[in-house]
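Reader: I am new to this structure and would like a close look at a single part, the surroundings of the ligand. Please take me there by way of the whole chain.

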Amino acid sequence: MVETVEVLLSSEDIAKRIKELGAQITKDYEGKSVVLLGVLKGAIHFTSDLSRELPLDVEINFIKPSSYGDGTVSSGTVSLDYIPTENLKDRHVIIVEDIVDTGHTAVKLKDYFADQGLASLKFCALLDKPDRREAKDLTIDYLGFAIPDKFVIGYGLDYAQRYRNLPYVGVLKGAS
Ligand code: IMP
């Protein structure tokens, strides 16, 4: 099947919104040191770009859930393939996610850190597909864009491990 990409969010749209999120987070965490916990692999670019909009004391670490196969539909079960080795007790942590779909990954990640004695935990996502939500009571503290229920790729997001390098977010036509 031939796949084509229709641009949904340009690299300029993304950069502008990340600047705004950065300003908001900077204000909220003034005088504090923050751990950005990027969710691999999809949030690599978002974590990196967001970190450079934070004139704060920032540490970057990553966590890796595995819930998707090579298709476009969530398997619903989420396990953690990689967790940070450093102790995050008493730290202000912001989980930085690429996209919230059903919300199961976000809930799993938040639950994982709930009993680890963090000073605070917030959840930041570049994209949200609210029409797809299955997990109830999920708060996204910092959100880039709400988007329609379409499978998107680019700016870190993949389809079968491809397209992560695109500088924009697009809708993949022809993916099954
Ligand atoms: P959830 O657990 O259903 O919310 O799925 C979240 C994860 O699924 C994200 O971190 C992505 O890795 C992946 N995902 C969900 N929707 C898309 C999409 O439209 N494109 C690429 N990956 C997606």
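Author: Read from the N terminus on, the elements of the chain follow the order β-α-β-α-β-β-β-α-β-β-β-β, which makes three helices and nine strands, where helices (H or I, at least four residues) and strands (E, at least two) are DSSP runs numbered from the N terminus. The model is a predicted one, in which local features need pLDDT of at least 70 and side-chain atom pairs count only at pLDDT 80 or more, while totals for chains, interfaces and linings use all residues. Residues are numbered from 1 along each chain as its sequence is written, and side-chain values use heavy atoms, with hydrogens and water left out.

The radius of gyration of the chain, taken over C-alpha atoms, is 16 Å, which agrees with the value near 16 Å that a compact globule of 176 residues would have by the rule of 2.2 Å times the number of residues to the power 0.38. Of these 176 residues, 45% count as buried, that is, under 20% relative accessible area with a 1.4 Å probe and protein chains only.

Around the ligand there are 17 residues, of which D98, T102, T105, K129 and V152 come nearest; a residue is counted as near when one of its heavy atoms lies within 4 Å of the molecule. By class, this shell has six nonpolar, five polar and six charged residues, with Ala, Val, Leu, Ile, Met, Phe, Trp, Tyr, Cys and Pro taken as nonpolar, Asp, Glu, Lys and Arg as charged, and the others, Gly among them, as polar.

Polar contacts, pairs of N or O atoms within 3.5 Å, can be followed one by one. An oxygen atom of the ligand is 2.5 Å from an N or O atom in the side chain of T102, and an oxygen atom of the ligand is 3.2 Å from such an atom in the side chain of E97. In V152 a backbone N or O atom lies 2.6 Å from a nitrogen atom of the ligand. Taken alone, the ligand exposes 490 Å², and the protein buries 92% of that, by the Shrake-Rupley method with a 1.4 Å probe.

A43 is placed in the loop between β2 (33–39) and α2 (44–51), and it counts as buried because its relative accessibility is 0%.

Technical notes: A polar contact is a pair of N or O atoms within 3.5 Å; within protein, one must be able to donate a hydrogen and the other to accept it, and residues adjacent in sequence count only if both atoms are side-chain atoms. Buried means under 20% relative accessible area, exposed over 50%, partly exposed in between (1.4 Å probe, protein chains only).
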